[in-house]
Amino acid sequence: MAAQTEKQFKMLYGKKTSWSKTTKAVFEHLFKDERRVVAANNNGVTEQSIYAFIQSNEHKHLKQGEVLKAAIKYKQASLDGDSDV
């Protein structure tokens with residue numbers, strides 16, 4: 001699976017105005033090239049919470065990739081007709 005893009009991150013977490021402090025810190029770290037410790041301090045969170053969020057985010061990103069692959073297979077099956085999947 002390809003690296004997560006900024007747009008994909010935003011799709012997973014919704015409107016930026018509703019993000020938690022940790023979500024904002026992770027966004028700064030991942031997409032604005034802010035060092036983890038600086039992003040944590042900027043947003044009043046711990047580096048540990050950023051680390052945990054990143055682990056969870058990677059899982060969500062990979063899961064969405066699996067959902068996409070399944071959807072593509074599902075669509076292809078509708079185009080193929082009654083052949084075995």
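Reply: Start with Thr-22, which lies in helix H2. Keep in mind that this is a predicted model.

Me: Why does Thr-22 count as buried?

Reply: Its relative accessibility is 17%. Buried means under 20%. Thr-22 therefore counts as buried.

Me: What is Thr-22 in contact with, leaving aside neighbours within four places in sequence?

Reply: Val-45, Ser-49, Ile-50 and Phe-53.

Me: Which other residues of H2 are buried?

Reply: Besides Thr-22, the buried residues of H2 (21-31) are Thr-23, Ala-25, Val-26, Phe-27 and Phe-31. The buried residues of this helix pack against H1 (6-13), H3 (36-43) and H4 (47-80).

Me: What makes Val-26 stand out in the largest nonpolar core?

Reply: The count of members touched. The core has 13 residues, and Phe-9, Val-26 and Ile-50 touch the most other members. Each of H1, H2, H3 and H4 supplies at least two residues of this core. H2 gives the most, with 4 residues. Setting aside residues up to four places away in sequence, Val-26 touches Phe-9, Ile-50, Phe-53 and Ile-54.

Me: What makes the pairing of Asn-57 and Gln-4 a polar contact?

Reply: The side chains of Asn-57 and Gln-4 are joined at 2.7 Å. A polar contact needs a pair of N or O atoms within 3.5 Å, one able to donate a hydrogen and the other to accept it. The pair is listed as a polar contact. Leaving aside neighbours within four places in sequence, Asn-57 is in contact with Gln-4, Phe-9, Leu-12, Tyr-13 and Leu-30.

Me: Why is Lys-60 called partly exposed?

Reply: Lys-60 is also found in H4. Its relative accessibility is 37%. Buried is under 20% and exposed is over 50%, with partly exposed in between. Lys-60 therefore counts as partly exposed. Beyond neighbours within four places in sequence, Lys-60 is in contact with Leu-12 and Tyr-13.

Me: How many residues apart are Lys-60 and Phe-31 along the chain?

Reply: They are 29 residues apart. Their C-alpha atoms are separated by 17 Å.

Me: Last residue. What makes the phi of Asp-33 worth a remark?

Reply: Most residues other than glycine have a negative phi. Asp-33 is not a glycine, yet its phi is positive, about 55°. Asp-33 sits in the loop between H2 and H3.

Me: And why is Asp-33 called exposed?

Reply: Its relative accessible area is 71%. Exposed means over 50%. Asp-33 is therefore exposed.

Conventions:
Residues are numbered from 1 along each chain as its sequence is written. This is a predicted model: local features need pLDDT of at least 70, side-chain atom pairs count only at pLDDT 80 or more; totals for chains, interfaces and linings use all residues. Side-chain values use heavy atoms; hydrogens and water are left out. Buried means under 20% relative accessible area, exposed over 50%, partly exposed in between (1.4 Å probe, protein chains only). Contact means heavy atoms within 4.5 Å. A nonpolar core is a set of buried Ala, Val, Leu, Ile, Met, Phe, Trp, Tyr and Cys residues joined through side-chain atoms within 4.5 Å.
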